[in-house]
Amino acid sequence: MSHTLFHHLCVALRTLVLKLILIALWLLVFLVGFFFWHEFQSPFNFALGLPLMLLGATMGIASFWEIFVSLFSWRWSREHCPFCSQPEEIKDILSTQDGFK
Ligand SMILES: [Zn+2]
């Protein structure tokens, strides 16, 4: 089955919804880190807050980037396509089994 524009739009929409939820969660992690860093002046809270802020910011940007990739990369959306991926996997399994014979 070939990857069509309909598939591409489905993958882009699904990625958009999932990643927006993830971005909201990572933003929450970032805000918790910021809260620890900002509200308490002890170095222990700084050591806890800064990694949380870095983690939240990095993963949030990564999720944001994946939304862009899903919209503009045909290859990425084909690799993550739920309609196309199943037959490809079965084909891969069959070809590797032939290789072992
Ligand atoms: Zn597809």
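Predicted model: local features only at pLDDT ≥ 70, side-chain atom pairs only at ≥ 80, totals over all residues.
In which kind of crossing, left-handed or right-handed, does helix 1 pass helix 2?

Helix 1 covers residues 5–39, and helix 2 covers residues 43–72. Their axes come within 7 Å of each other. They cross at roughly 165°. Over 145 counts as roughly antiparallel, so helix 1 is roughly antiparallel to helix 2. Now the handedness: helix 1 passes helix 2 in a left-handed crossing. What sits in that contact? By class, 24 nonpolar residues, eight polar and two charged.

Next, helix 2 itself. It has 30 residues. At 1.5 Å a residue, helix 2 should span 44 Å.

Which residues of helix 2 are buried? Here is the list: Gly-49, Met-53, Gly-56, Gly-60, Ser-63 and Ser-70. The cover over these buried residues includes helix 1. It also includes helix 3, residues 74–79. One general point on spacing. An α-helix has 3.6 residues a turn, so residues three or four places apart point the same way. Look at the buried list again with that in mind.

Last stop, Trp-65. This residue is also in helix 2. Is Trp-65 buried or exposed? It is exposed, because 11 other C-beta atoms lie within 10 Å, and the cut-off for exposed is 12 or fewer. Now compare positions along the chain. Trp-65 and Lys-19 are 46 residues apart in sequence.

Conventions. Residues numbered from 1 in each chain as written. Axes fitted to C-alpha atoms, helices over the stretch in contact; angles between N-to-C directions. Helix = DSSP H or I, 4+ residues; strand = E, 2+ residues; numbered from the N terminus. Parallel < 35°, antiparallel > 145°, perpendicular 65-115°, else oblique. Left-handed = near helix turned anticlockwise from the far one by under 90°. Nonpolar A, V, L, I, M, F, W, Y, C, P; charged D, E, K, R; others polar. Buried ≥ 20, exposed ≤ 12 C-beta atoms within 10 Å, placed from the backbone. Expected span 1.5 Å × (residues − 1). Contact = placed C-beta atoms within 7 Å.
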